[in-house]
Amino acid sequence: LPWAWLRGMADAFARAWIGRNDRTERVVRRNLELAYPELLPAQRESLVGAVMRTTARQGVETLRFWTQPHAKNLAMLRETHGVEMFDAAVASGHGVIVAAPHYGNWELLNQWLASRTPLAILYAPPESEVAEAFLRRVRAAHGDAGRVTQVRAEGPAIRGLFKLLQGGGVAGILPDQQPKAGDGEFAPFFGIPALTMTLLSRLAQRTGATVLLGYCERIGET
């Protein structure tokens, strides 16, 4: 479907979603209360609506990027920043960790990274085996099957990441995922102790890999 249709569908879904007070909406509202305590209730509710709408758009965008040829998706990119820094880090042979938080469309970022270098992606497996099989299929589709290695966030597979980085490879990690109990540390986040991933810093310290922050941001309505 055309992008305008997809955005319209996402916005309609968001309008129906808002007000149901499901877990997603409760989390959004609570996070905004913690991050922006100075806002008036009406201002905060306006932000709740914006976050829910953006979340819905993210969903339909991701489905589009998963089901279209990656070359077609990458042709939509209008600006790139820091490419020389990334290429130099890869060429150094010391390993690269791309820390890509849940900001913008990380699935399109994965496709861009795989277009430039073989890439290992660390992921937390969904509870559903069917959902996991779907993710593994779409992330390695359209010519990237030999360039993308998908690594479950579990002990044996993570040991493989150490070897990959020590050998000069490139790994992509979503650093703001909540780790399993015992695998992280509590750190203050907007004054609230939050269980925080330590894997990224351990990988960097033990392998000497360069850590770069990456994201793929929507520009306006395009």
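This is a predicted model: local features need pLDDT of at least 70, side-chain atom pairs count only at pLDDT 80 or more; totals for chains, interfaces and linings use all residues.
User: Is Phe190 buried or exposed?

Analyst: Buried means under 20% relative accessible area, exposed over 50%, partly exposed in between (1.4 Å probe, protein chains only). With a relative accessible area of 51%, Phe190 comes out as exposed.

User: What is phi of Phe190 near?

Analyst: Phe190 has a positive phi although it's a residue other than glycine. The value is near 50 degrees.

User: At what angle do helix H1 (residues 3-17) and helix H3 (residues 41-67) pack?

Analyst: Their axes, lines fitted to C-alpha atoms over the stretch in contact, are 8 Å apart. Residues including Trp3, Phe13 and Trp17 in H1 meet residues including Met52, Val60 and Phe65 in H3, where contact means heavy atoms within 4.5 Å. Between N-to-C directions, on a scale from 0 to 180 degrees, H1 and H3 pack at about 140 degrees.

User: So what is their orientation to each other called?

Analyst: Angles under 35 degrees count as roughly parallel, over 145 as roughly antiparallel, 65 to 115 as roughly perpendicular and the rest as oblique. With an angle of about 140 degrees, H1 and H3 are therefore oblique.

User: Which residues does Val28 touch, not counting residues up to four places away in sequence?

Analyst: Val28 lies in helix H2 (residues 23-35) and is buried, at 11% relative accessible area. Val28 and Leu47 are 19 residues apart in sequence, with 9.1 Å between their C-alpha atoms. The residues that Val28 touches are Val48, Val51 and Met52.

User: How wide an arc do the buried residues of H5 fall within?

Analyst: In helix H5 (residues 83-91), the buried residues are Val83, Phe86 and Ala89. They line one face of the helix, because the arc seen down the axis, taken from the directions to the C-beta atoms, is 130 degrees.

User: Which exposed residues does the face of H5 turned away from its buried side carry?

Analyst: The buried residues of H5 pack against S1, helix H6 (106-116), S4 and S7. Just after H5, Gly93 takes a positive phi of about 80 degrees. The face turned away from the buried side carries Glu84, Met85 and Ala91.

User: What arc do the buried residues of H9 cover around the axis?

Analyst: Leu199, Leu200, Leu203, Ala204 and Thr207 are buried in helix H9 (residues 199-207). They are on the same side of H9, because they cover an arc of only 135 degrees.

User: Which exposed residues are on the face of H9 turned away from its buried side?

Analyst: The buried residues of H9 pack against several elements, among them helix H8 (155-166), strand S1 (96-99) and strand S7 (210-213). Turned away from that buried side are the exposed residues Gln205 and Arg206.

Notes. Residues are numbered from 1 along each chain as its sequence is written. Side-chain values use heavy atoms; hydrogens and water are left out. Helices (H or I, at least four residues) and strands (E, at least two) are DSSP runs, numbered from the N terminus.
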